[in-house]
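Subject: Handing over the structure

Hi,

Here is the structure I promised to pass on. Have a look at it first, and then read my notes below.

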Amino acid sequence: MGTKDSKAKEYLSDNTRFSEICNYVLFDGEKVIKPEDLKECDTTEVLSVFGIDKKQIVKQKWRDLLKSVSVKHTGQMYVILIGAEAQTDIHYAMPVKTMIYDALNYGEQVNEAKKSHRKNKDYRSSDEFLSGFTLDDKLTPVITITLYLGTTQWDGPRSLAEMMPQMDERILPFINDYRINLLNPLEITDFSKFETGLRPLFELLKNASDEEKLNELITKDDTFTRVDVETVAAINLFVGTDIKYDEKEEVVNMCKAWDDHKKLGIQEGMQRGMQQGMQQGRLFEIYLSVQEGDYSAKRGAEKAEMSLDEFEKAMSKAGYKIPELV
């Protein structure tokens, strides 16, 4: 896993941010899932399948994040598993990737039920024994959310059907589709449903290609006066900014940091300009000395730290004449 993907996983592992993502995608921002309701799960999902040779094959897949949550509905509690996949780049096979993760998890649930029933010997029929799953057994729902943290528009497929060629419409009803639950900040129009650092991160991701809009957001939106350091680090990584901050601080005034960043950029630009100007001036002095015959083109090339051919071309381009060519 690359640096960006690793950092994305680390950033999303926080229960407060994770619950906010779940609530936005599943409940339109309503605070149904609370951070304290989330429980970390092992992301290694193992599904045992049997091939023709009857030898056990074990397949393993690793999700970015997987958490269980108890949700209250109509006076009853139910448990769901929510996985999160952070994509810093577009994945053109995301529907298949998601489908495999979910299928492996459901397969593991069936296997766990089978182990339990065989241990307890509580099958009530040969059908249940062969299935490994009884009529009364229930699966825990699995939901996977794909969070896109790129700065270009997602143009990848959002369902299995989009990955298939055109075909006879009569067979379409027999093909099971599988869609992804994509959270794409570039498509969000109302950021007020986010109260954590996800709001400034998502807003800046959406406007990453518009420097004027970035400047307006950071300097005029109060949201950016108190941003947690983890989010500032995420903004630098995913948006591509270079905002300086003290890692010992809990929150950062991005407005001030952004202003300091711009001032530093101007100063560095001026220094680079001065250095380039001084270097250019020195070259012009060398060109003039060679043109007036104070020393040879070969000596001039040595002083300019160029090859003779490069020096002659540069001198000619600058409008000076080499005595031998006059």
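Before anything else, please keep in mind that this is a predicted model.

**The overall picture**

The protein chain has ten helices and nine strands. Of its 326 residues, 35% count as buried. I also looked at contacts between residues at least 6 apart in sequence: 57% of them join residues at least 24 apart.

**The cores**

Which residues touch the most other members of the largest nonpolar core? That core has 44 residues, and the ones to look for are Ile 82, Leu 149, Leu 183, Leu 201, Phe 202, Leu 204 and Met 254. Helix α7 (residues 229-239) supplies the largest share of this core, with six residues. Another core lies apart from it, made of ten residues, among them Leu 283, Ile 286, Ala 297 and Ile 322.

Setting aside neighbours within four places in sequence, Leu 201 is in contact with Tyr 11, Leu 149, Thr 231, Ala 234, Ile 235, Phe 238 and Val 239.

Is Pro 200 buried or exposed? Its relative accessible area is 3%, so Pro 200 counts as buried. You will find Pro 200 in helix α5. Leaving out neighbours within four places in sequence, its contacts are Thr 223, Phe 224, Val 227, Thr 231 and Ile 235. Take Ile 235 from that list: Pro 200 and Ile 235 are 35 residues apart in sequence, and their C-alpha atoms are 8.3 Å apart in space. Thr 231 and Ile 235 also turn up among the contacts of Leu 201.

Cys 22 sits in helix α2. With a relative accessible area of 1%, Cys 22 is buried. Beyond its neighbours within four places in sequence, Cys 22 is in contact with Phe 27, Ile 33, Ile 82 and Ile 145. How far apart are the C-alpha atoms of Cys 22 and Ile 145? They are separated by 7.8 Å, although the two residues are 123 residues apart along the chain.

**Salt bridges**

Side chains of opposite charge can pair when their charged atoms come close. Searching the whole structure turns up 16 salt bridges. Here are some to look at:

- Asp 28 pairs with Lys 193, and their closest N and O atoms are 2.7 Å apart. This pair links distant parts of the chain, 165 residues apart. Asp 28 is in the loop between α2 (15-27) and β1 (38-40), while Lys 193 is in the loop between β7 (181-183) and α5 (198-206). Asp 28 is exposed, at 52% relative accessible area, and Lys 193 is partly exposed, at 30%.
- Lys 115 pairs with Glu 112, with 3.5 Å between the closest N and O atoms. Both lie in helix α3 (residues 94-120), three residues apart, or about one turn of the helix. Lys 115 counts as exposed, at 53% relative accessibility, and Glu 112 as partly exposed, at 40%.
- Arg 124 and Glu 128 meet through their side chains, at 3.0 Å from N to O. Arg 124 is exposed, with 55% relative accessibility, whereas Glu 128 is buried, with 8%.
- Arg 17, Asp 228 and Glu 230 are linked in a network of salt bridges.

**A pair of helices**

Two packed helices are described by the angle between their axes and the distance between the axes. The pair I picked out is helix α9 (residues 297-304) and helix α10 (residues 308-317), whose axes come within 9 Å and cross at roughly 95 degrees. That angle is why α9 is described as roughly perpendicular to α10.

Which residues meet where α9 touches α10? From α9 there are Ala 297, Lys 298, Gly 300, Ala 301 and Ala 304, and from α10 there are Leu 308, Phe 311 and Glu 312. By type, the residues of this contact divide into five nonpolar, one polar and two charged.

Happy browsing!

Notes:
Residues numbered from 1 in each chain as written. Predicted model: local features only at pLDDT ≥ 70, side-chain atom pairs only at ≥ 80, totals over all residues. Heavy atoms only, no water. Salt bridge = Lys/Arg side-chain N within 4 Å of Asp/Glu carboxyl O. Helix = DSSP H or I, 4+ residues; strand = E, 2+ residues; numbered from the N terminus. Buried < 20%, exposed > 50% of the residue type's maximum accessible area, 1.4 Å probe, protein only. Axes fitted to C-alpha atoms, helices over the stretch in contact; angles between N-to-C directions. Parallel < 35°, antiparallel > 145°, perpendicular 65-115°, else oblique. Contact = heavy atoms within 4.5 Å. Nonpolar A, V, L, I, M, F, W, Y, C, P; charged D, E, K, R; others polar. Core = buried A, V, L, I, M, F, W, Y, C linked by side-chain atoms within 4.5 Å.
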